[in-house]
Amino acid sequence: MIEPPPYHRSALSVGIVHFGPGAFHRAHLADYVDRLLHNDPRWAIAAVSLRSPATIEALARQDGLYTLAILDRERRYRLLCPHRRFLGPGQDRPVRELLGDPAVRIVSSTVTEKGYCLAADGSLDFDHPDIRRDLSAPDRPGSLIGWLALGLADRRAQGLPPFVPLCCDNMSANGTRLKAAVIAFAGRIDPGLADWIGGEVRFPDTMVDSITPATTDELRREVREATGFDDLIPVAREAYSAFVIEDVLPGDAPDLKSVGARLSSDVAGWEKAKLRMLNGAHSTFAYLGLLIGYDTVAEAMDEDMLAGFVERLMRDDIAASLSPSPIDLDSYADEILDRFRNPAIGHKLAQIAWDGSQKLPYRLLDPAAEALAAGRPISRLAVPVAAWMLFIEARARAGEEIIDPLSAELARIGRSGDVVARLLGLEQIFPERLARNSDFRSAVSEAAEAMRSAGPRAFLAAKAGE
Ligand code: CS2
């Protein structure tokens, strides 16, 4: 049996409301907060799930306790318990009360890229069904954006200082984008509120990083055998964890620095480097690896042809899109590739392949657009984009599920002819500067054609000789 954390759960009070208590949150922010609670009981988390009740119910059933497995050479297990309130779909009243509680200073989120309802240009998508719904009933929101606007409106009406929305998702300029989205939403309801948010509310940009595979039954079994705890919702992550927060938190915010978060005035540099180097490489492994027939990142790393291609993409093309950078990009690439080799993680390529329409823009399309503008070659950057298209085509034709907010449309296109041109026409994914660029279009089409005719392995072999 492992020891519960050394704080008295009954002495904790809620200071953070978190939307989206999935595996990444429970392995990342919740771990920082759990360690903070050892010294400061004011920062327990109220977990809010807007859609699925499963995690909330399991957390409540276990009185907030769950296991964090650290997947290193030796496995370690810790029991965490930083969540004290568990609010599922339909519990609007307590959520609203908590957002108005002056003791709550942070409202954090991990709702994945699609949870922010943004259009391809990064601004709020007013045509998004959730946003339309929330604008027609702003007192009963269903989206994160609607909840933040309502919570901030209540604070303003009560003369309370605002909370700090803390976006912990993998988007570049994540806080800045969230701020613009909440202001745009508020502007449609009450321009005075939008001005107040613009002037008073801090939305720090953050960089979050720790590889967290999805929880499986195998993990549940392993935790049960190793610790004796029949945990429904354990999480596993690599030992590495990083959290960089823009240094704009107010003085009365939780001291996340004391538990290893880094406060920085240049989060943009960190965030961009992480999104493009690590996540860009991940997505490349995912689509090429699945086409070849691999299951996990570590397995794909064992294929020299594929690993060599991804390494060149990182060190040449992606690094060029980041320079000048506050980071030593070559050592950063070494470190990332080493993390990918960790055989203990078993990180499924199929998991990374989810939501490609949301992930590709930050990870690979922005670097491609910048490369074109700067006159750098894009033939390698076009390869993962083409691989994503072939992945969509293969899934659609096999009648397999595509996990993506655009799944219906992607499946329809995947089953049709002319997949490349039709996918390039999706303006939710490809901004005009790319979709209309003939160099980009031909680089993607040529890579897709060559992979189709030679097969992805032979294609990569030929690429290695270029
Ligand atoms: C991955 C990320 O699933 C994915 O898209 O690229 O979850 C990645 O593991 C994390 O961002 C690492 O910090």
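# Close-up views of a predicted model

**View 1. Ten residues around the second largest cavity.** The second largest cavity is lined by Asp169, Asn170, Met171, Asn174, Thr206, Met207, Val208, Glu271, Lys274 and Leu275. The model shown in this and every other view is predicted. This cavity has a volume of about 40 Å³. Two elements, strand 8 (206-209) and helix 10 (267-292), each supply at least two residues of its lining. By class, the lining residues are 4 nonpolar, 3 polar and 3 charged.

View 2. How many cavities of 30 Å³ or more does a search of the whole structure find? The search finds 2. Rolling a probe the size of a water molecule over the atoms shows where empty space is left. In the largest cavity, that space comes to about 50 Å³. Its lining is made of Ile211, His282, Val297, Ala298, Arg339, Phe340, Asn342, Ile345, Gly346 and His347. Helix 11 (297-301) and helix 13 each give at least two residues to this lining. The lining residues divide into 5 nonpolar, 4 polar and 1 charged.

**View 3. The second largest pocket.** This pocket has a volume of about 390 Å³. It is lined by 17 residues, and the closest to its centre are Ala214, Thr216, Glu218, Ile345 and Gly346. Ile345 and Gly346 also belong to the lining of the largest cavity. Which helix gives the most to the lining of the pocket? Helix 9 (residues 217-227) does, with 3 residues. The pocket lining has 7 nonpolar, 5 polar and 5 charged residues.

View 4. The strands stand in the order 8-10-11, and their pairing is mixed. Strand 8 and strand 11 (262-264) are the edge strands, and each pairs on one side only. From one strand to the next, the twist averages 20°. Look next at strand 10 (residues 242-246) and strand 11: they run parallel and are joined by 3 bridges.

View 5. Strand 2 (residues 44-48) is mostly covered, with 5 of its 5 residues buried. In a regular strand the side chains alternate between the two faces of the sheet. Here Ala44, Ala46 and Val48 point one way, while Ile45 and Ala47 point the other way. Residues pointing either way are buried. Phenylalanine 19 has valine 48 of strand 2 as its bridge partner. Strand 5 (residues 83-87) also runs parallel to strand 2, joined by 4 bridges. Alanine 47 stands opposite phenylalanine 86 in strand 5.

**View 6. Two residues with positive phi in one loop.** Most residues other than glycine have a negative phi, and most peptide bonds are trans. Threonine 112 has a positive phi near 65° and is not a glycine. It lies in the loop between strand 6 (106-109) and helix 5 (129-136). Cysteine 117 lies in the loop between strand 6 and helix 5 as well. Its phi is also positive, at about 55°. Are these residues buried, partly exposed or exposed? Threonine 112 has a relative accessibility of 32%, so it counts as partly exposed. Cysteine 117 has a relative accessibility of 3%, so it counts as buried.

**View 7. A cis peptide bond at proline 324.** The bond joins serine 323 and proline 324. Its omega is about 0°. Where is proline 324? Proline 324 sits in the loop between helix 12 (304-322) and helix 13 (329-341).

View 8. Aspartate 316 is in helix 12. Its relative accessible area is 39%, so it is partly exposed. Aspartate 316 and arginine 380 are 64 residues apart in sequence. In space, they are 9.5 Å apart, C-alpha to C-alpha. Their side chains make a polar contact at 3.4 Å.

Notes. Residues numbered from 1 in each chain as written. Predicted model: local features only at pLDDT ≥ 70, side-chain atom pairs only at ≥ 80, totals over all residues. Heavy atoms only, no water. Buried < 20%, exposed > 50% of the residue type's maximum accessible area, 1.4 Å probe, protein only. 1 Å grid on protein atoms, 1.4 Å probe; cavity = no way out; pocket = protein on both sides within 12 Å on 5 of 7 lines; lining within 4 Å. Points joined across faces, edges and corners; volume = space filled by probe spheres on them. Nonpolar A, V, L, I, M, F, W, Y, C, P; charged D, E, K, R; others polar. Polar contact = N/O pair within 3.5 Å; in protein donor to acceptor, adjacent residues only side chain to side chain. Pairing = 2+ DSSP bridges. Axes fitted to C-alpha atoms, helices over the stretch in contact; angles between N-to-C directions.
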